[in-house]
Amino acid sequence: MSTTFAAAIREGLATALAADDSVICFGLGTDDPKGVFGTTLDLHKQFGSDRVFDMPTSEAAMTGIAIGAALNGLRPVLTHQRLDFALLSLDQLVNNAAKWRFMFGGQRGVPITIRMIIGRGWGQGPTHSQSLQSWFAHIPGLKVVMPTTAADAKTLLLGSIFDDDPVIFLEHRWLHNMQGDVPAGDVREPLGKARVVRSGDAVTIVAMSYMTVEALHAVDHLAAQGIACDLIDLRSIRPLDWPAVIASVQKTGRLLALDPGHLTGGVAGEIVARIATDHFTSLNCAPQRLAAPDVPEATSPALTKDYHVRAEHIAQAVGRMLGREVETASLIAQRQFPHDVPGNWFSGPF
Amino acid sequence: MNAETSRRLLFDMLRIRSVEETIAARYGEQTMRCPTHLSVGQEAVAAAAGAVLKPTDLAVSGHRAHAHYLAKGGSLKAMIAEIYGKVTGCSRGKGGSMHLIDESVGFMGSTAIVGGTVPVGVGLAYPMKLNNTGQISCVFLGDAVPETGVFFESVNFAVVKQLPVLFLCENNGYSVYSPLSVRQPPGRKLYELVAGFGLKTFHGDGNDVRAVHAALSEGVAAIRAGEGPRFYEFETYRWREHCGPNYDNDIGYRSVAEYEAWKLRDPVPALRRALIAEGAISDADVAAMQAAIDAEIAEAFAFAEASPFPDACDAFTDVYAADAFAPAAG
Ligand SMILES: Cc1ncc(C[n+]2csc(CCOP(=O)(O)OP(=O)(O)O)c2C)c(N)n1
Ligand SMILES: [Mg+2]
């Protein structure tokens with residue numbers, strides 16, 4: 001069945017709530033008429049307000065409360081409408097959730113799922129658009145999932161909810177309206193498996209979340225020019241599917257890692273470092289990465305034009321790595337809407 | 001209250017209302033490309049605070065800050081240009097509607113994370129106390145803010161150090177679509193809750209601008225006299241949707257009847273009627289005010305539209321004091 005990514009999240013939540021009474025779902029606006037961009041819409045009507053509920057604007061406490069509830073048998077799913085709001089809860093996530101199993105000698109884990117939505121465009125600006133997956137991926141004890149497709153949105157969410165460790169589940173706002181086929185039923189995808197989205201032997205492109213969409217445009221555009229790339233959708237940042245990345249690099253000899261976050265200290269840098277240090281002899285050219293620049297994202301549309309990595313940048317980077325001229329003008333021309341919206345369906349404000 | 005102050009309050013409320021309604025009317029043109037939270041219906045507290053605070057007093061606010069910025073004396077042109085993302089904007093296009101600043105009038109910044117500026121406002125007050133400057137720091141906040149830990153931590157410190165802080169809460173009953181009833185227990189009064197921290201707290205009708213003005217006049221004088229921080233809660237109502245230009249009474253989180261009841265308590269015509277009845281102002285005076293406001297707004301929008309966008313390279317500036325680091329290569 002084809003649904004939007006947002007509807008797939010909702011289906012994943014509904015499936016989990018139906019499958020296991022220990023699942024609860026809360027966060028600001030969870031039961032409001034918009035239902036967090038449709039992802040939690042009306043779930044409270046089906047599952048009751050004890051299990052699906054709104055909360056005070058108390059992100060730090062509510063995260064700790066989720067941890068305590070998890071220690072006492074529940075599987076809480078906490079949603080933040082922006083990742084930026086979840087920053088208030090870092091202490092609970094990093095010092096409690098991530099460490100609990102370890103610091104008490106493995107007695108008990110913390111099966112919580114924290115959904116965070118990454119904003120972009122329409123002037124989301126410095127504090128509503130941060131893509132900080134590398135922060136969470138840096139913390140031993142946390143898992144970090146970043147789905148791209150509607151199917152993965154549902155199945156990886158189910159995998160996250162029924163995982164026995166804390167999972168940071170990052171949804172890019174620009175994916176919410178994308179359509180895809182979603183499997184019916186309680187399909188729980190295990191975390192840590194990448195997917196090869198396109199196969200080729202020219203360059204290995206490693207992407208995640210919305211970056212995969214831009215990469216797909218680039219890869220298909222390059223294919224028409226006779227350049228076939230491997231495109232790996234990581235789906236999970238921690239654990240990261242190193243065997244998939246390594247196997248691809250051994251085939252192509254070239255690595256281009258993409259990252260929707262800042263360049264310095266990012267996930268792409270980690271991938272480049274690991275491949276360069278451990279698989280140097282597999283490489284035919286220096287590994288490359290494309291990421292957001294090391295500045296906050298401004299609000300003005302005039303300042304975000306070249307902020308994010310887009311398909312043309314990816315195609316050009318592949319061309320540079322191969323020492324080939326690639327044509328990108330037609331790729332840019334295909335985009336029929338302003339750079340700061342994901343499509344004509346989006347006209348602000350949030 | 002003298003007639004001059006009353007007229008000022010009416011003018012400032014009319015001005016805020018007209019600015020916000022113009023933004024709402026023109027938002028659909030898709031040239032104001034940022035999340036925008038309007039204060040229509042909530043003009044009274046801002047106007048009263050603006051009249052009570054001195055230009056040398058400092059203020060901070062949150063996401064719904066247009067009214068606070070304007071009432072404190074912030075440049076209208078720079079605010080509209082900021083919403084348009086122009087280089088002439090008060091934050092040079094970096095921040096948009098949710099990040100307003102005009103230090104020339106003591107508006108030290110509004111930010112978008114709920115509760116984020118509360119400790120900053122308390123921090124502003126610390127050197128005021130140290131140096132005995134006679135200033136006060138005004139922290140504008142919504143009814144969701146006393147749900148954040150940082151609010152209570154900040155109030156506590158302000159009380160411990162007896163800092164000159166005015167915590168000014170506009171309780172409009174909602175945080176986005178969530179009524180207070182899902183965020184506080186039944187019967188809870190925010191001003192009673194906060195009083196537990198050991199500061200004087202007050203509450204009142206946030207749509208009665210003269211009552212707000214009277215309360216704040218007394219309060220600000222006391223804070224200025226060194227009596228420590230105070231918390232004021234005023235009940236009011238946001239007319240339009242939480243974020244954006246439209247009405248949203250149809251989506252079901254609040255009733256049309258509730259909205260209509262609050263509309264009857266519109267603070268702007270209430271003051272206008274009272275002043276006319278008192279003979280403090282005439283219909284012609286009000287028309288002249290409105291004409292002056294309309295002209296100023298037209299000029300501000302024209303200024304914003306005619307202003308240039310920032311240069312693309314401005315995206316890389318202002319991260320550090322000096323541009324110590326070259327922008328990272330992509
Ligand atoms: C820490 C944090 N959590 C959530 C949000 C999302 N958010 C933006 S405005 C808002 C409502 C705040 O309500 P209130 O303080 O009553 O102000 P009002 O919008 O009513 O003026 C929320 C929850 C946020 N900006 N920051
Ligand atoms: Mg409110």
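This is a short chat about a predicted model and some of its local features.

Me: What should I know before I start?
Reply: The model is predicted, so local features need pLDDT of at least 70 and side-chain atom pairs pLDDT 80 or more, while totals for chains, interfaces and linings use all residues. Residues are numbered from 1 along each chain as its sequence is written, chains are lettered from A and ligands numbered from 1 in the order in which they are written, and side-chain values use heavy atoms, leaving out hydrogens and water.

Me: Which residues coordinate the magnesium ion (ligand 2)?
Reply: B:Asp143 (OD), B:Asn172 (OD1) and B:Tyr174 (O) do, at 2.0 to 2.1 Å. Donors are N, O and S atoms within 2.8 Å of the metal (3.2 Å for Na, K and Ca), and water is not among the atoms, so sites may look incomplete.

Me: Are B:Asp143 and B:Asn172 buried or exposed?
Reply: B:Asp143 counts as buried at 1% relative accessibility, and B:Asn172 counts as buried at 7%. Buried means under 20% relative accessible area, exposed over 50%, and partly exposed in between (1.4 Å probe, protein chains only).

Me: New topic. How many residues of helix 8 of chain A are buried?
Reply: 12 of the 12, so helix 8 is largely enclosed by the rest of the structure. Helices (H or I, at least four residues) and strands (E, at least two) are DSSP runs, numbered from the N terminus.

Me: How many salt bridges over all chains?
Reply: The structure holds 34. One of them joins B:Arg17 and B:Glu43, at 2.5 Å between the closest N and O atoms. B:Arg17 is in helix 1 (residues 3–27) of chain B and B:Glu43 in helix 2 (residues 43–52), 26 residues apart. B:Arg17 and B:Glu43 are buried.

Me: And what about B:Asp205 and B:Arg265?
Reply: Their side chains meet in a salt bridge (3.2 Å, N to O). B:Asp205 is partly exposed at 32% relative accessible area, and B:Arg265 is partly exposed at 36%.

Conventions
A salt bridge is a side-chain nitrogen of Lys or Arg within 4 Å of a carboxyl oxygen of Asp or Glu.
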